[in-house]
Amino acid sequence: NKTTPTDGLINIKLNEGDYETRVAEKLKDYGRKANIKGFRAGKVPVGVIKKMFGKSVLVDEINHLLTHKLNDYIKENNLKILGEPLPVADKALSIDWDTQKDFEFQYQIGMVENFTYDLSSKIKIKNYPIEVDAKSIDDTIDDLKKRFGDIAYPEVSEINDNLFGTLRSATGDFEKELLIVTEKVEKKEQAKFTGKKVADVVTFDIQKAFSGEVLAAMLTIPLDEAKQTKGDFSFTIARISRVSPAELNTALFDKVFGAGVVATEDEFREKVKQTISENYNRESGHFLDHNIEDYFINNTKINLPDGFLKTWLKASSKNEITDDVIEKEYNAYTRSLKWDMIKNRIADDNKITVETADVREKAKEQIMGYFGGREVAEQLKDRLDSIIDSHLSNENGKNFIKLYSELRGEKILAHIKANITIEDKKVTVDQFKKLVDEHTH
């Protein structure tokens, strides 16, 4: 009974003839195996067995029948359901298992309507490759010089020193050990953190002292939460450290990229540029994938059985998920659900598949990466196949499923990219960060 385009009720009626043979066979089996005081083994009267076990056997057999008949009906009628069928409680609660011979059960189901999507060159999505400018290279080299520099522990703090200690709120309900990098403090507040010694206490307004981004990184909390962290705080200094930047020489080159990889400053800058480019390409590629996902979700009309899905989410969690949590997380859940449905449809329509050989090759690349590169394949030789087998079967095949899903997603996205128009617009790092910060679903 289709109540709406996305909601339905499946009614299942069982009469005595549907289950009585199976119930009788099970009770007979119970009688042969039962060991009941006062009766010889295998000689317990049927009436006694029925009285003791009849109801539980009946319930088990009915449930067995229901599960199979329900699944068969869904498959035979090609019903595209979401979640799992939910039994209508009123029907089940009204059953009299002692006297009733005929039974009727009802299940709620949520369905997805047929939908269409556009996959053509008319779809235009921007890609933002990040240009590696001289400033990015210089900033990275400065960071590397600090990271591999010499550390000293002065008695009195200066700008650019690192202060380790305990941060406390004035109200006393917050305390955390952390590191404050003085150059990250807002300029108007930096003087409060200089000229200090171990055990000194610095007091300040936390919103005046740190930007939201710095505070989020320092406290390891989300940016929104950091922006809401307000009030007076104190910082008790436990240690002062100062890094003297490393010299731009062979010793630094070897520490960063390995012995003998680069020999001159020009080679070092080129290698840094190459590394930055690879990192930026990953970031811009991820952002492109995200924008493709956004486009298809926003431009593909899919009606969902929202009421059913909320009920099912709550029921499947055994009521551990509250209504408040469902309302808060529901949009993110349906976004993910719609994207999966679109990808599955594209894969089905275009016969996009992943073979076991593909998964094994991906696993091989990962394993060689763990051991240090492709040259390891020759060294491992025959052992490599058994290592791959072990890796893919680990945790009951979870690694296989994970790699399979990753490869399938990559293939689907590659097919989408090959059929739409991707327009490149080069941006600087700062412009890219602004685009990501401003992006909303």
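This report looks at three loop residues, Ala-199, Thr-220 and Thr-229, in a predicted model.

Ala-199 sits in the loop that joins strand 8 (175–181) to strand 9 (201–205), and its phi is near 85°, a positive value in a residue that is not glycine. With a relative accessible area of 53%, Ala-199 is exposed, because the cut-off for that class is over 50%.

Thr-220 belongs to the loop between helix 6 (212–219) and helix 7 (223–227), and here too the residue is not a glycine, although its phi is positive, at about 50°. The relative accessible area of Thr-220 is 62%, and the residue is therefore classed as exposed.

Thr-229 is placed in the loop between helix 7 and strand 10 (232–244). Its relative accessibility is 17%, and Thr-229 therefore counts as buried, since that class is defined as under 20%.

Once the neighbours within four places in sequence are left aside, the residues in contact with Thr-229 are Ile-206, Gln-207, Leu-215 and Ile-221. For one of these, Leu-215, the separation from Thr-229 is 14 residues in sequence, while the C-alpha to C-alpha distance is 8.8 Å.

## A side-chain to backbone approach

Which backbone oxygen does the side chain of Thr-229 reach? The side chain of Thr-229 comes to 3.0 Å from the backbone oxygen of Glu-225, a residue that falls in the range given for helix 7 (223–227).

Note on methods:
Residues are numbered from 1 along each chain as its sequence is written. This is a predicted model: local features need pLDDT of at least 70, side-chain atom pairs count only at pLDDT 80 or more; totals for chains, interfaces and linings use all residues. Side-chain values use heavy atoms; hydrogens and water are left out. Helices (H or I, at least four residues) and strands (E, at least two) are DSSP runs, numbered from the N terminus. Buried means under 20% relative accessible area, exposed over 50%, partly exposed in between (1.4 Å probe, protein chains only). Contact means heavy atoms within 4.5 Å. A polar contact is a pair of N or O atoms within 3.5 Å; within protein, one must be able to donate a hydrogen and the other to accept it, and residues adjacent in sequence count only if both atoms are side-chain atoms.
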